[in-house]
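Dear colleague,

Please find below the structure that I am handing over to you.

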Amino acid sequence: MIRILARYSILFVLTLLVLAIMSFSLAYLFPGDVLENLTGIVPANDAQRQALERQFRLDQPYFVQFFFYLKNLFAGDWGYSFTSGIALRDEIGIAMPATIELATYSMMIALFIGIPLGYYAGMRCYSTSDYIINTSSITTYSFPVFWLALLLILVFSLQLDKAPLSGRISLLFDVEPVSGFILIDILLSDMQNKSLAFKDALSHLTLPTIAIGAVSTASMVRITRRSVIDARHQPYIAAAVSRGLSGWQIFFRHILRNALLPILPLMAIQITTLITNTMIVETLFSWPGIGNWLIQAIYQRDYPALRVGMLAVSTLVITLTITVDMFNRLIDPSREKYEHAAI
Amino acid sequence: MPQYSLYEEEFHPSPWQRTWRAFRASHIAVAGAVLLCVFVVFALFAPLLTPYGANEQNIDGLLVPPSWMGNGSISHLFGTDSLGRDLFTRVIYGCRVTLGSAFITVVLAMLVGVSLGAFAGMLRGVRSSIANHLPDALMAIPTLLIAIIIVAIFGTGLVNSMWAITLALIPQFVHHTRSLVRTEMKKDYIVSSKLDGANKWQLFTYSILPNMTEMLVVQGTIALSIAVIDISALGFLNLGAQSPLPELGAILSDGLDVTYLAPWNVALPGMAIFFLVLSINVVGDGLRSALRKRVNH
C-alpha cells in the first residue's frame, strides 16, 4: 500500500513538473514579448522593462528563470490578465469553482441515473428493455454537446420560457462568494430571501447540468452494462448458481461488486470528457466558469491568462484522474497496472 | 478412412467473413453502415451531388425556408442561409470537410500511436514505466485545452485544429497498442517465434500486428466519432475551421446569428453532425459485438 502511494505521488509530482515546464515554455512559444506573456504587465518605458526583467530573472539562464517561475507559482503570484488587469489567481479562484460545481452535479446525474440503468440493462441483457436502454444511450452519446445545449436553450428558454438563458444567478441576488459553489454560498449566507435565491440558482443550473449530464450518463450506462454482462459470464457466477443461490443473492453478493471494479478506471477517462464538455457548454450558457474564461481569453489573445489557465485546468484534471486511478489500484491489487476494461 | 467428405463442400470462413456474418445479423448495425455509406458517398462525390457551389450566393433568396415548409421552394432543398447560400449544398460539403479531416486525423494518430505503443509495449524496466505513465497522464489533458494552446501559438484554422485533435487522440492508441502488445508478448506463439530467432521487428510485424487489426478497427471507429465531434466543436467555437469554409460546426455557428428568423440554419447542420456521429457509433458498436461473438464461439 505504501509502495502504491509512493508510486502515485512520484507520478503526480513528475506530471505536474512536466506541466509546469510546458506552461513556462508557452511564454516563449506564444507570439509577442516574453516578459509580457510571463507577467501580464506591459512596461511603460525601458527603465521599467529592465527592472522587471531583473525582477523576473529574465536576464539569467532558462533554468534559473524556471525555478523563479515555480517559486512564483507556489507563492500565488501568477501574473496579471491583459484584458482586465486583475491578478490571474483571483480570476481563476472565482472561475474554477463554478466549473467544478457544474461538473460535479453532472457527474452526480451520471452516477445516480447511469449506473442503476446500466445494471438494469446488463441484468436483462438482450431483452426488449435492454435494447431500449442501449439504443437510447447510443443516441444520446452521439449528440454533439454544443448542439444539445443549443436545442435545450431553444426549447426551454426561448419557446417555453421555463428556464433562464444565461449566468449563474439572477442579478437581483447578491451572494457573497465563500466556497465558490453557488448553492453552498447561498445556504451559508445570511440573506433574507434564501429560498428564492436558491430556487433561482437551481433554475440557472438545470439546463447546463442536463446538457453535460446527458452525454456522461449515456456513456456511464454503456460502461456499466458491458461490465455487468462480463461479470455475469464469469465462472464464479455459474458456481454460485450451482450452489443454489437465488438470483438476488447472486446479484448482491457477486455481480454488484465485481461489476463495479472495471467501471472505476473508465471513470477516470470520463473525467477528461466531462471537463471538455463542461467547458464547451459554459460558453453557450455564459456560465462564469474556467471554460468560458479560457475561450474569452483566446478570442482576446490574453496570453498570460491562457498560460495559467492551461496549467490550472490540466492540474485539476490530472489530480482527479490520478486519484481515481490510485483508488482503483488500492481497492483492487490484483489488477495489473493501468489495465482498462472495454465498453 | 472415409472415401468421401461427409459434407458437400468443406468451407471454413475466414475470420473477417465470420465477423461480417455476425455483423450482418444485427439489423441496427447494418442500418448504421448504410447511413455511414451515404455520408461517405456525400463526402467523396460532393461536387457531383450538389446543385450549387459551396460559397455561391443568391442575393434574391436570403433565408428561404426548407422545401417542406409552406413558403419554401424545391430549388433550395434545405433552404438558404443569411447570405443566400444553399444549405443543402453546404451541409454536403460540410460532411466532406468534417468527415474527411476527421478521417485524416484518425489515420495520423493511429500511425503515430501504434508505433509509439509498440515501442512502449516491448520495453522493460524504468524506460517502460516512463513510456507507460507519460501518455496516460497526457491522455488526461482535455482536447479543447490542447486546441486552445495550439490556436494561441499558431493561429486559427482547420489544419491547426486537426493537429490539436491528432495530439489528443494519440495517447489512446498508444495505450491500447501497449496493453495489447504486452498481453500478446506473454503468449506461447510469441515464445515459439522467439525461439526460432525472430527479432523484435519481425515479432511485431509478423505475429502481433495481424492480431491487432481488429482492435485497431474498433478503436479507429471510436476515435473517428470523437474526432468528428471535436472538429465540429472547434469549428463551432471559431477556433477551428473559419467561416466561409463549409465545415459543419462552422455552418452551425453561422446559423446561430439568425436562430430566431431561420431556425433550420441551426437544426439541419446539427442534425447532420448528429447522424454522422450516430452512424459511426452504431457501426463501431456492431463491429465490437460481432468481434466479441466471433471470439466467444
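Residues are numbered from 1 along each chain as its sequence is written, while chains are lettered from A and ligands numbered from 1 in the order in which they are written.

Confidence

The pLDDT is the predictor's confidence in each residue, on a scale from 0 to 100. For chain A its mean is 84, and 97% of the residues reach 70 or more. Residues 337-343 of chain A stay under 50. For that stretch the model has 13 contacts beyond four places in sequence, a contact being a pair of residues whose C-beta atoms, placed from the backbone, lie within 7 Å. Where pLDDT is low, the predicted coordinates should not be read in detail.

The two chains

Chain A contains 13 helices and 0 strands, and chain B contains 11 helices and 0 strands. Both kinds of element are DSSP runs numbered from the N terminus (helices: H or I, at least four residues; strands: E, at least two). The C-alpha trace of chain A spans about 85 × 55 × 40 Å along its principal axes; the trace of chain B spans about 80 × 60 × 25 Å.

Of the 343 residues of chain A, 40% count as buried, and in chain B the buried share is 46% of 297 residues. A residue is buried with 20 or more other C-beta atoms within 10 Å of its own, exposed with 12 or fewer, and partly exposed in between, the C-beta atoms being placed from the backbone. Among contacts with a separation of 6 or more in chain A, 72% join residues 24 or more positions apart. The corresponding share in chain B, for contacts between residues at least 6 apart, is 69% joining residues at least 24 apart.

The contact between the chains

Chain A gives 34 residues to the contact and chain B gives 33 residues. On the side of chain A that touches chain B, the elements giving two or more residues are α1 (2-29), α6 (128-141), α7 (145-159), α11 (247-285), α12 (290-299) and α13 (303-331). The largest share of that side, 8 residues, comes from α13(A). By type, the side of chain A divides into 25 nonpolar, 8 polar and 1 charged. Here Ala, Val, Leu, Ile, Met, Phe, Trp, Tyr, Cys and Pro count as nonpolar, Asp, Glu, Lys and Arg as charged, and the others, Gly among them, as polar.

A:L11 lies in helix α1 of chain A. Leaving aside neighbours within four places in sequence, A:L11 is in contact with A:I322 and B:H133. A:L11 and A:I322 are 311 residues apart in sequence, yet 8.5 Å apart in space, C-alpha to C-alpha. A:L11 counts as partly exposed because it has 19 C-beta neighbours inside 10 Å.

Nonpolar cores

A nonpolar core is a set of buried Ala, Val, Leu, Ile, Met, Phe, Trp, Tyr and Cys residues joined through C-beta atoms within 7 Å. The largest has 157 residues, of which A:V145, A:A149, B:I148, B:L169, B:A227 and B:V228 touch the most other members. Its largest share, 15 residues, comes from α11(A). Not counting residues up to four places away in sequence, A:A149 touches A:A211, A:V281, A:L284 and A:F285.

Helix geometry and backbone

A:Y126, in the loop between α5 (88-123) and α6 of chain A, has a positive phi near 65°. A:Y126 counts as exposed because it has 9 C-beta neighbours inside 10 Å.

With kind regards

Methods:
Predicted model: local features only at pLDDT ≥ 70, side-chain atom pairs only at ≥ 80, totals over all residues. Contact = placed C-beta atoms within 7 Å.
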